[in-house]
Amino acid sequence: MDLKILGMNVLVALSQLVLFLLVAPLVTGWARRVKAFMQNRRGPSLWQPYFNLTKQLRKEVVVSENTSWIFRFTPYIVFTATLAIGLLIPIYTSFVPLGFIGDVIAIIYLLALARFFMALAGLDAASAFGGLGSSREMSLAAIIEPAMILAIFTVAVTAGSTSLSTIAEKMSDKLNGWDLLAPSHLFAFIGLFIVALAETGRIPVDNPATHLELTMIHEAMILEYSGRYLALIEWAASMKLLLFLTLLANIFFPWGIAASEQPTFDGVALGLGIYLLKILILTTLVAFVECTTAKLRLFRVPDLLTVSFVLSLIALVLYFILGGGASHALL
Amino acid sequence: MVVSQTDAVMAELRHQFGGHIAELKAQHNEIYCDLNAQNLDWLPKVCTYVHLHWHASFVCAWATDEREQFKTFRLNYIFSIDAQDLFVIVRAPVSPEQHQFASVAAHMISANWAEREIHDTFGLKPLGHPNLKRLWAQPDWPPNAFAMRKDFSLQSHVPRVEGVFEFRQVEGEGVFEIPVGPVHAGIIEPGHFRFSVAGEPIINLQIQLYYTHKGTEKLCEGLSAEKALHVSERISGDSTFAHSTAFCHAIERLAGVEIPGRAQFLRMLFLELERIYNHLSDIGMIVNDVSFLVGYAHAMRLREDVMKLNEKLTGSRLLRGLNTLGGVRRDLPETVYSEVRDTLQNVRRELEELAELLWSSASVMDRLETTGVLTEKTTKDIGIVGIAARASGLDRDCRRDHPHLRYRQIDFKVPVYTTGDVYARTRVRVDEVFESILIIDQILSQISAGPIRVLIEKIPANAHALGYTEGWRGPIVQTIQTDNEGKIFRYKIDEPSFHNWPALIFAVQGNIVPDFPLINKSFNLSYSGNDR
């Protein structure tokens with residue numbers, strides 16, 4: 001790769017990171033807007049998440065005197081871990097800035113790192129609700145993680161690599177990309193979609209808008225946070241939502257993504273436009289699911305996640321039975 | 001017919017307990033049975049006999065401080081014989097020297113809370129009571145201050161004392177306590193809940209209420225009925241009209257006044273409107289607690305339609321300031337009838353659609369069914385009333401069992417379900433909204449022009465009477481006793497919430513913590529009405 005292309009790529013990567021940071025609250029705002037629309041409400045402004053963040057960043061931080069350093073460090077760890085994942089995934093070009101330090105497995109571990117500290121922080125203030133949230137989060141995580149790994153691996157074996165950059169490039173290849181698409185992708189997509197709902201605390205699993213502490217999972221862990229800590233955690237939660245939507249978009253429908261081999265201005269602009277459109281559609285889909293189902297009874301959530309796990313498993317098995325690629329399956 | 005039934009009950013009482021009864025008299029559909037002073041032990045016997053022999057349900061119990069007039073405290077236990085539209089009030093004096101009486105709750109657990117309240121507020125000790133912990137009094141309330149005694153001034157400053165909540169501890173490996181409240185996250189009233197959990201399943205729940213005690217009963221003592229009426233509207237905001245109706249009913253029976261037909265129909269209309277808007281709100285809140293957002297939005301929209309109708313008809317969304325002694329304050333022009341009908345037909349149509357949407361949604365039904373089951377036996381034993389009782393198989397409705405106003409002329413069904421879960425309680429509400437709309441339809445076709453109020457010239461002195469109605473939550477019974485000047489001597493408010501709070505303890509057993517808010521909402525009890 002010559003230096004010019006590398007320079008261009010670095011520039012694009014940086015813009016991707018900035019976009020990832022700045023667009024994330026908008027995605028949360030859009031999800032809320034769609035939900036409000038489906039409930040016959042007008043809903044808050046699309047920019048409300050930004051207003052909330054700026055307000056919280058200005059506000060004083062109140063920290064319980066019973067907490068330890070974990071409580072104060074966690075918001076930064078969660079925020080940076082999520083942001084680091086933003087550098088590990090292809091967004092609108094298939095170039096992954098930190099691709100040389102890790103692939104999809106690193107993403108899963110970074111998510112686990114954030115989760116681990118979040119759960120510790122939930123316990124740290126020794127409030128009853130935080131403990132409830134942490135215990136629920138960890139028991140669900142035990143099923144979420146394998147389901148997620150399996151779903152992504154299905155695609156990885158098809159593309160022959162665990163590097164998301166390679167997966168996106170191979171799948172979006174105009175000549176052979178369609179051949180890689182296999183029935184197993186459908187199962188893996190549903191599996192990963194369920195994982196996304198669970199990971200981002202969306203309705204059949206958790207309710208991001210509830211005030212009922214006894215029913216919370218994610219919100220219960222952050223009940224004690226305020227001010228800039230809360231802003232960082234909420235911002236990270238928005239980024240996590242965008243992250244999962246990006247994964248769904250770029251692993252399963254990477255068409256239109258700008259290739260990193262010879263990035264052109266037109267290609268990048270087109271990639272950006274198509275990317276935003278895909279995120280818009282996926283966010284609407286998430287909001288639609290949130291409005292049409294009730295929250296599951298907590299003990300039924302593992303059932304749902306097991307479905308996700310089994311779907312991913314079927315996807316993987318299907319790949320080995322039918323072989324990869326639509327053309328193989330059809331023959 | 002009623003007279004002969006009254007006589008039969010009185011004859012039976014005299015036959016069984018003749019020697020222990022000082023006085024037996026009837027007034028309206030109330031039978032007062034005064035026991036002799038020396039035979040205190042007979043109180044539980046008479047009460048359990050009435051309870052078992054006529055299948056009479058326990059309504060409420062309270063004490064009065066009559067030391068100035070008769071040198072005694074007096075206990076009152078009300079029972080309702082639903083099948084015969086009768087109330088039996090068993091009364092017994094308690095000597096001011098001994099401060100104790102034989103507990104009825106020892107034989108009939110439904111009197112548990114009532115006797116604890118008597119113990120806290122009058123300092124009369126129910127001997128043999130199964131669980132004589134503090135109920136009304138918070139731990140920092142001094143043990144020798146008895147707020148409802150006449151010599152306790154409303155102005156008195158009570159010193160706070162050190163005290164701890166008595167909560168039953170559950171011990172064992174992996175058992176944790178979760179304290180919730182008294183301040184909650186939503187815009188709701190205060191109450192403290194202490195869960196003992198093993199993981200998620202709830203082993204034990206204890207409830208500490210009375211954070212919103214306003215001394216309503218004490219506050220009304222010495223007031224004229226006109227003034228107390230305004231207090232009665234504020235016992236529980238969501239039951240404004242039902243409470244003030246019960247109050248007016250009691251005063252009107254006291255004065256022996258029959259209110260005009262038009263006023264009776266108007267009161268029924270407002271009672272049903274109150275029921276409809278509260279039920280719609282509850283349906284919405286239950287659905288919100290399972291996070292079914294679309295259903296919630298629709299239910300709340302329908303509720304708003306009904307509240308707007310309230311405002312248009314009466315000037316008050318909460319139906320405040322409508323009741324007055326002897327009738328209602330505000331008449332409706334005939335021109336609004338069609339609007340009432342149209343609005344309610346629309347509510348009916350949309351609620352049918354909403355109910356269809358809910359019952360056909362697997363995810364909603366999975367949350368509602370088998371959650372928070374209250375068995376029929378528990379319901380009977382602890383004396384659960386209202387919606388919760390009808391959802392657990394008890395066929396009771398004050399509008400039908402003790403017909404007041406013009407309910408006798410109206411044809412309506414009382415929905416009863418037997419599963420006792422959140423689903424049944426939601427179903428009862430949905431069905432009752434449909435019934436209420438049919439009732440209002442009949443009211444509008446039967447109501448005729450006429451006066452809406454009679455003047456009550458004089459309220460008799462030293463008299464007492466019951467007033468009752470079926471509020472949306474359950475039966476509301478109020479008792480008023482007047483003093484020498486016809487002012488209020490004792491005002492006893494019986495709120496359905498007071499009976500139903502213990503139900504929550506039984507309904508959550510074996511359920512998981514995140515289902516508690518849903519179960520709680522399916523009862524939707526009033527803190528304010530309970531604490532008074």
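Biologist: What covers the buried residues of H4(B)?

Modeller: The cover includes strand S3 (57-66), strand S4 (72-81), S7 and helix H16 (496-507) of chain B. Keep in mind that this is a predicted model.

Biologist: What makes helix H4 (residues 112-122) of chain B largely enclosed?

Modeller: A residue is buried if 20 or more other C-beta atoms lie within 10 Å of its own. In H4(B), 11 of the 11 residues are buried, so the helix is largely enclosed by the rest of the structure. Among them are Trp113(B), Glu115(B), Arg116(B), His119(B) and Phe122(B).

Biologist: Which residue takes a positive phi just after H4(B)?

Modeller: Gly123(B), with a phi of about 70°.

Biologist: Why is H7(B) called largely enclosed?

Modeller: Because 16 of the 16 residues of H7(B) are buried. Helix H7 covers residues 240-255 of chain B. Gly256(B) follows H7(B) and has a positive phi, near 65°.

Biologist: How do you know that the reach of H7(B) is close to the expected one?

Modeller: At 1.5 Å a residue, 22 Å is expected for its 16 residues. From first C-alpha to last, H7(B) reaches 23 Å.

Biologist: Why is Gly163(B) called partly exposed?

Modeller: Buried needs 20 or more other C-beta atoms within 10 Å, and exposed needs 12 or fewer. Gly163(B) has 14, so it is partly exposed. Its place is in the loop between strand S7 (125-127) and S8 of chain B.

Biologist: Which residues does Gly163(B) touch, beyond those up to four places away in sequence?

Modeller: Pro139(B) and Asp140(B). Asp140(B) is 23 residues apart from Gly163(B) along the chain, yet their C-alpha atoms are separated by 5.3 Å.

Biologist: Now to chain A. Why is H8(A) called roughly antiparallel to H12(A)?

Modeller: Helix H8 (residues 183-199) and helix H12 (residues 301-322) of chain A cross at roughly 155°, with axes that come within 8 Å. Angles over 145 degrees count as roughly antiparallel, so H8(A) is roughly antiparallel to H12(A). The crossing is left-handed.

Biologist: Which residues of H8(A) and H12(A) meet?

Modeller: Phe187(A), Ile190(A) and Ile194(A) are among those in H8(A). In H12(A), they include Leu304(A), Leu311(A) and Tyr319(A). By class, this contact has 17 nonpolar, four polar and no charged residues.

Biologist: How many residues of chain B are in contact with chain A?

Modeller: 25 residues of chain B, in contact with 25 residues of chain A. Strand S8 (175-180), helix H9 (293-314), helix H11 (362-368) and helix H17 (516-523) of chain B each supply at least two residues of the side that touches chain A. That side of chain B divides into 15 nonpolar, four polar and six charged residues.

Notes: Residues numbered from 1 in each chain as written. Chains lettered and ligands numbered in written order. Predicted model: local features only at pLDDT ≥ 70, side-chain atom pairs only at ≥ 80, totals over all residues. Helix = DSSP H or I, 4+ residues; strand = E, 2+ residues; numbered from the N terminus. Expected span 1.5 Å × (residues − 1). Axes fitted to C-alpha atoms, helices over the stretch in contact; angles between N-to-C directions. Parallel < 35°, antiparallel > 145°, perpendicular 65-115°, else oblique. Left-handed = near helix turned anticlockwise from the far one by under 90°. Contact = placed C-beta atoms within 7 Å. Nonpolar A, V, L, I, M, F, W, Y, C, P; charged D, E, K, R; others polar.
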